[in-house]
Number of protein chains: 2
Amino acid sequence: MDEAELIARIEKSLARRGLATGNGIITGIGDDCAIFRPRSGDDLLFTTDQMHQDRHFTAATAAWQVGHTALARSLSDIAAMGGRPLFTIVALASNDPAWIDQFYAGFLALAEKHHVILAGGDLSSTPTPSCDVMVCGAVPRGRALLRSKARPGDTLYVSGPLGAAALALERGRPRLPAPQLAMGQTLYAQGVRCAMDLSDGLSIDLRRLCVASGVSAHLDSVPRARGASLHQALHGGEDYALLFTSRKPIPNAIAIGRITKSNPGEVFFDDRPLPPLGWDHYHEPSS
Amino acid sequence: MDEAELIARIEKSLARRGLATGNGIITGIGDDCAIFRPRSGDDLLFTTDQMHQDRHFTAATAAWQVGHTALARSLSDIAAMGGRPLFTIVALASNDPAWIDQFYAGFLALAEKHHVILAGGDLSSTPTPSCDVMVCGAVPRGRALLRSKARPGDTLYVSGPLGAAALALERGRPRLPAPQLAMGQTLYAQGVRCAMDLSDGLSIDLRRLCVASGVSAHLDSVPRARGASLHQALHGGEDYALLFTSRKPIPNAIAIGRITKSNPGEVFFDDRPLPPLGWDHYHEPSS
């Protein structure tokens, strides 16, 4: 199967799922660039995440699972800003047509669920598979949820219990992440201005939020997923729950602490400093 | 140097060059997503290109050259649609901080030349370097130059002589590609509706243009770069000249043939069928 045949297969699958054009994409795969016509009144959100074999997954990981996870990670960033996803552009590298097919099976199933248009991409033949997934989303102008908007006095919330992904990894059964898009899109209406997604672990991600906002945080209690340890809930990555702050109570969310004004970036748990032990992409995982 | 330090160095370099925000990017690196505020009346163009060591460059290639070339390839796609570049998002993988530094030195020098904002990215630690560069550009609404707009009777043009990149590669001195952005932006005013960039070689790229437009083409003469063979001019990749069609004469461009209505996708040179021998990304280079 050559590049043209592979692309033809992907295009057929896109047409069948209604993911070739739409959401503003007026020209998709097939020209030098995709063409997008923005809707007035929207700000656009852009994020990208790469996955490399032997780094983010292994040779034993099913390709459809890599495809699902790669899209889910970028969709989670869109959710964290309160956005609705519009389209994606994918760079994929593998020399195995069956692997590519399976990657797109997982990728497009999730894309269909959230109606994300596959606007374009790039295919390259390499011995070790990798991918990079860019997603564009939209929010009403000026309404993106930012990491930098936490203020002392805010209550700190998460969208659900933590540690399930770290527990699943320990048990050798990686979990498919589910981006919290619906939750993200309702937060602004509830008065929320500050949010981020938990990709690397609560301890390190909360520290980043505090640094960006110039505040500190006190954690009182952290909801644990069934079977997960406190360490997994505090430091485990890949949960993709949303972390956010608010002055008003937020329905369907779990209060875990409060924003304070100690030294910017400091995080306390049970009134003791909590070291950031989550995943740093550039180093080996430190937890 | 950890991820945070590397990102801080890149951000400092961006600020110095005025490439951290602007061109519609109101929030760049540092949050879950970049935020872009579109200008009304524009269509937006999106393209992505990846480069992998041992595939698109070697361990001996200077990292700054990889950075320059990676951005140039995507900018060339923007040029081919008649667009002006706005911003870029970069996924970079390497476990060598010095390589990453040098990559960005080459990348940002070219970004500065064309005022392309570095809106965001992703950094990953892998033993073999690779990158994926997404560029967003803009054209006035409905004015993007398309591959599919060639019509029988059009004259076929290139923006300059061909084969220089293939010749340089043969001599072991790869050439830095220069995206034809100024040329691309003036074509529409001159009545041009159909264009693409020559990345894989004239024979294969012209065939793609003909397939997209449902037309055929007759080449009469092909301008050769100094020292390049006819084979290098016809089939060599990486020239990044623009290929386009027009009814009216186009100044500063070289007429090379005409669009005809034989079988769609057929290309003739000196009235004999010209086989597509250029680079197919998914296979080994066939020329």
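Reader: In β2(B), which residue is the bridge partner of Phe46(A)?

Author: First, a bit of housekeeping: this is a predicted model, where local features need pLDDT of at least 70, side-chain atom pairs count only at pLDDT 80 or more, and totals for chains, interfaces and linings use all residues. Residues are numbered from 1 along each chain as its sequence is written, with chains lettered from A and ligands numbered from 1 in the order in which they are written. Strand β3 (residues 42-52) of chain A pairs with β2(B) in the antiparallel sense over three bridges; strands (E, at least two residues) and helices (H or I, at least four) are DSSP runs numbered from the N terminus, and two strands pair if DSSP finds at least two bridges between them. In β2(B), the partner of Phe46(A) is Ala34(B).

Reader: How many residues of chain B are in contact with chain A, and which strand gives the most?

Author: Contact here is when the C-beta atoms of two residues, placed from the backbone, lie within 7 Å. On that count, 51 residues of chain B meet 51 residues of chain A. By class, the chain B side has 23 nonpolar, 14 polar and 14 charged residues (Ala, Val, Leu, Ile, Met, Phe, Trp, Tyr, Cys and Pro count as nonpolar, Asp, Glu, Lys and Arg as charged, and the others, Gly among them, as polar). The most comes from one strand, with nine residues: β3(B).

Reader: Which strands are at the edges of the open sheet of six strands?

Author: The order is β1(A)-β2(A)-β3(B)-β6(B)-β4(B)-β5(B), with mixed pairing. Neighbouring strands are turned by 25° against each other on average, direction ignored. An edge strand pairs on one side only, and here those are β1 (25-27) of chain A and β5 (117-124) of chain B.

Reader: Within that sheet, which residue of β6(B) is the bridge partner of Leu44(B)?

Author: Strand β3 (residues 42-52) of chain B runs antiparallel to β6 (residues 130-140) of chain B, and eleven bridges join them. In β6(B), the partner of Leu44(B) is Ala138(B).

Reader: At what angle to β3(B) does helix α2 of chain B run?

Author: Helix α2 (residues 63-80) of chain B lies across β3, β4 (84-93) and β6 of chain B. Axes are lines fitted to C-alpha atoms, for helices over the stretch in contact, and angles run from 0 to 180 degrees between N-to-C directions. Against β3(B), the helix runs at about 145°.

Reader: How many residues of α2(A) are buried?

Author: Buried means that 20 or more other C-beta atoms lie within 10 Å of a residue's own; exposed is 12 or fewer, and partly exposed is in between, with C-beta atoms placed from the backbone. Helix α2 (residues 63-80) of chain A is mostly covered, and the count is 17 of its 18 residues.

Reader: And in strand β4 of chain A, how many residues are buried?

Author: β4(A) pairs with β6 (residues 130-140) of chain A in the antiparallel sense over nine bridges. β4(A) also pairs with β5 (residues 117-124) of chain A, in the parallel sense, over seven bridges. Strand β4 (residues 84-93) of chain A is mostly covered, with a buried count of ten of its ten residues.

Reader: Does Gly142(B) count as buried or exposed?

Author: Gly142(B) is found in the loop between β6 and β7 (155-158) of chain B. Because Gly142(B) has 10 C-beta neighbours inside 10 Å, the class is exposed.

Reader: Which residues does Pro223(B) touch, not counting residues up to four places away in sequence?

Author: Pro223(B) is in the loop between β9 and α7 (230-235) of chain B. With 15 C-beta neighbours inside 10 Å, Pro223(B) counts as partly exposed. Leaving out residues up to four places away in sequence, Pro223(B) touches Val158(B), Pro161(B), Leu162(B) and Ile254(B).
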